[in-house]
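User: Hi! I'm new to this one. Could you walk me through it?
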Amino acid sequence: MHVQDGYLSPEVCIATGAIAAAAVGYSVYKLRDGVSDRVVPLTGMTAAMIFAGQMVNFPLGLPVSGHLIGGVLAGMILGPWAGCLAVTMVLIVQRFLFSDGGLFTLGANILHMADIGSIGGYAIVSIVRRFFKKPKVGVIVGSVVAAWLTVVAASALFCLEFRLSHPAGDFDIRNIFALMVAIHSLIGVGEALITAAVVSFVLAQRPDLILGQTSTSADTAMAGVSRVTVAGVVVALCIGAFLAPFKSNLDDGLEHVSKVQGFSELAHSAWAFFSDYDAIPLFSGHWQGLSVSVAGVVGTLCVLLLALAFGRAVSPRSKAVEAGRE
Amino acid sequence: MNESLARPRTFRSPCHRLPPLVALFLSVAAITVGMLLPPGHWPSHGALLCVLFAALSLARVPPGVVLRRLVAFLAFAVLFAVSVPLSQGFRGGWELAQGILFRGVESFLSGLWLMSVVPFDRLLAALRRLGVPAILLAILAFMYRFLFVLWNELDTMRAARRARTFDRAGLIFRWRNAAQMIGMLLIRSLGRSERVYGAMCARGWDGTLRTLDE
């Protein structure tokens, strides 16, 4: 997930750094109001916890294994602002201790994981949980949805930054876009799975940590309007991620086509792939559309199934079974 | 690994005598130069890499450590860099991939040099002099302090899990187990932060961090 130095141009590094600094500064400002002496131990400890939690391997049956990213988890425990600070600290320490991620791309990494992950994740969870009568079910479904959406949105934002960094080059940005989004919708499923499993474990042991407001999130929660705005930005990035490879199949002159025509073009490019079936998908130039739609459908299905499964798992009946087993 | 990071090296070398701000500046300067060099220009990037390796050996960083961490870093960096040509069906993007790899390695080496030359707490003091908000530095210092405590706690939990031979279990069970380990770590660390907060308040904590060198 970490962007290394060399991916982004200096201008984009400066712009993302400025946005990230503004978000971190705003978080500090929001926390300064009354709880600042509590913020330090709670945020610092949570940051250390997420750092240590990232060391826990989730086997994939391959030489590589997955691990937690933790932005949504931090947002759910600490609230959006302290959560953003906690993930920012994790990224800074990773940069200085492990040289994980670049120095000039630190701003981009903070934007992707702390801002989208924690602030965006908090906004999505707090919106989703309102649709459920049982708070536990709502929180878990919200964490699944938020984890997946934030990872995919971060990858879309990275592609946008990459595109702005290298306007001309000997490569086709559409293919990079499709590869990144396809990979990250899988990573997002893993993150959703891990986050939901951790959250449901904590809900079973100490529900107050997640359902009750912790001292950093109590006075400093987000207003309803900004929640919807932040969540809207994340969702818009995701939609953009899945439409971009289709849209860029259009000719340059057709860039201004209306939405309706865009969708007909979308259907056309999907059809074109199937008519061109004998070509090797990876090199035929049509593979972006298919891989991204497969990734989108598979990702959405997985997220729905996960939400259902974890939602069922915390319903009172099965919890009694769990308690009996232990 | 935890031990070597927890205790900064106490070697005496010309690099270790540098003021933290100068070391920070030199490290940033090396990365900046790498960013400004043309992506695929081998001689200039090679020269910069030579300078960085010379700086590392001047700082008496054991070559084995550099090599081990560089290999671990390269495994991922190469994967990411190759993903650009890969997405093009290996028909383009090679120059960009070279640039990414060069700059990534330069940034990695200069970060490694900085960390082995300046202890983390002195780096924080230098950042404070640069005007970074005190609350951020306090959180960083707190996180750094408890990082190693939580790592040890995680090791204990892993040992306990191994003792129960859960490694033989199926994939789903191992995932659930790993998630429960993170959840347990979370519950314990939040409890610990409450206790530490109480102890800090008892010692006059008012939200500002004080250090001895002020």
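Analyst: Happy to! One term to start: a residue is buried if 20 or more other C-beta atoms, placed from the backbone, lie within 10 Å of its own, exposed if 12 or fewer, and partly exposed in between. This is a predicted model, where local features need pLDDT of at least 70 and side-chain atom pairs count only at pLDDT 80 or more, while totals for chains, interfaces and linings use all residues. Residues are numbered from 1 along each chain as its sequence is written, and chains are lettered from A and ligands numbered from 1 in the order in which they are written.

User: Thanks! Is B:Arg60 buried, exposed or partly exposed, and why?
Analyst: B:Arg60 is partly exposed, because 15 other C-beta atoms lie within 10 Å.

User: Where is B:Arg60 found?
Analyst: In the loop between helix 3 (42-58) and helix 4 of chain B; helices are DSSP runs of H or I, at least four residues, numbered from the N terminus. The phi of B:Arg60 is positive, near 60 degrees, though this residue is not glycine. Most residues other than glycine have a negative phi.

User: Switching topic: how many residues of chain B are in contact with chain A?
Analyst: 63 residues of chain B are in contact with 58 residues of chain A, where contact requires C-beta atoms, placed from the backbone, within 7 Å.

User: Which helix of chain B gives the most to that side?
Analyst: Helix 8 of chain B, with 20 residues.

User: And what about helix 3 of chain A, what follows it?
Analyst: A:Gly79 does, with a positive phi near 85 degrees. As for helix 3 (residues 71-78) of chain A, 8 of the 8 residues are buried, so the helix is largely enclosed by the rest of the structure.

Note on methods. Contact = placed C-beta atoms within 7 Å. Helix = DSSP H or I, 4+ residues; strand = E, 2+ residues; numbered from the N terminus.
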